[in-house]
Amino acid sequence: MSVFGSIAARLLDLLYPRRCLVCGADLESGPSSVLCNVHRREVILVEDPMCERCGAKMFAQATGELLCAECRSTTRHFDRAFSATIYNDPMKALVHRYKYGLRQYLARPFAAWMIEFARRHIDTANLDSLVPVPLHWRRFQYRGFNQAAALAQAVGRGFGLPVVKHVLRRLRHTTPQVQLGPSERRENMKDAFAVRRAERIKGKRIILVDDVYTTGATINECARVLKKAGAASVVAFTLTRPIS
């Protein structure tokens, strides 16, 4: 194959993957698929029972309010949080390729899983608009796109709800959360966000969108400033989260 043919093939594979993005097997489900049949079955939607505040998967039903240990001991500024899928090995591989491997088209299948989850668990009729968690401009320049904003656009189309862009601003170039422990994550996010043009979200019922929920420190701080600026409610919705 010529050099130009090789480049064209690589570009085509970025737009229309022909092999599973986890194991490299040939795809059998057509050009719109990103996983082979084996790994597609490993994409697991979160189901009840789950924590009634943060959406963590729980494994024992309880009487009364069902809260995880973290929500019993931590102040939550969001009203509810939901995560669509379990952050297992296939999801880790896909999220990494999405954020760092020029696979922005993954926003579409990710949003499809989020919408499928939402049909079962989220009353979108009582929500007004979506707000993505912002990136600092330095990280945006490095990565080339905001993964949360791309997800919000795709999910918003499915919900029939608008995406309110640039209402949240990241004030500090924070240390990546993956490098920190739970208490360090909360401190890292403290005063890291601000709201501009608060009139765009005042009195609104917001869906706050991000890719991964780990401790909830990022979305909790975003929810705090959105509420302070006048949002009526904040429901956080992420693509995936690990099992505690």
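Biologist: So, C71: buried or exposed?

Modeller: C71 is buried, at 10% relative accessibility. Buried means under 20% relative accessible area, exposed means over 50%, and partly exposed is in between, with a 1.4 Å probe and protein chains only. Keep in mind that this is a predicted model: local features need pLDDT of at least 70, side-chain atom pairs count only at pLDDT 80 or more, and totals for chains, interfaces and linings use all residues. Residues are numbered from 1 along each chain as its sequence is written, and side-chain values use heavy atoms, with hydrogens and water left out.

Biologist: Which cysteine sulfur is closest to that of C71?

Modeller: The one in C54, 3.7 Å away, which is too far for a bond. A disulfide here is a pair of cysteine sulfur atoms within 2.5 Å.

Biologist: OK, zooming out. How many helices and strands are in the chain?

Modeller: Nine helices and six strands. Those are DSSP runs numbered from the N terminus: helices are H or I with at least four residues, strands are E with at least two. Of the 244 residues in the chain, 49% are buried.

Biologist: What's the strand order in the open sheet?

Modeller: The four strands go β1-β6-β5-β2, and the pairing is parallel. Two strands pair if DSSP finds at least two bridges between them. From one strand to the next, the twist averages 25°.

Biologist: Which strands stand at the edges?

Modeller: β1 (80-86) and β2 (129-132); each has a single partner strand, so one side of each has no neighbour in the sheet.

Biologist: How many bridges join β5 to β6?

Modeller: Seven, between β5 (residues 205-212) and β6 (residues 233-241), and the two run parallel. D210, for instance, has T238 in β6 as its bridge partner.

Biologist: What lies across the sheet strands?

Modeller: α5 lies across β1, β5 and β6, at about 125° to β1. Helix α7 (residues 147-159) lies across β2, β5 and β6, at about 130° to β5. Axes are lines fitted to C-alpha atoms, for helices over the stretch in contact, and angles run from 0 to 180 degrees between N-to-C directions.

Biologist: At what angle do α4 and α5 pack?

Modeller: About 135°, with the axes of α4 (residues 89-100) and α5 (residues 107-121) 11 Å apart. That makes α4 and α5 oblique to each other: under 35 degrees would count as roughly parallel, over 145 as roughly antiparallel, 65 to 115 as roughly perpendicular, and the rest is oblique.

Biologist: Which residues make the contact?

Modeller: M91, L94, V95 and Y98 come from α4, while α5 brings A107, F110 and W113. Contact means heavy atoms within 4.5 Å.

Biologist: Changing topic: where's the cis peptide bond?

Modeller: Between D48 and P49, with omega about 0°. P49 sits in the loop between α2 (37-40) and α3 (69-73).

Biologist: And what's phi for L102?

Modeller: Near 60°, positive although L102 isn't a glycine. L102 is in the loop between α4 and α5, and it's exposed at 62% relative accessibility. H166 also has a positive phi, about 60°, and isn't a glycine. H166 lies in the loop between α7 and β3 (168-170) and is exposed at 56%.
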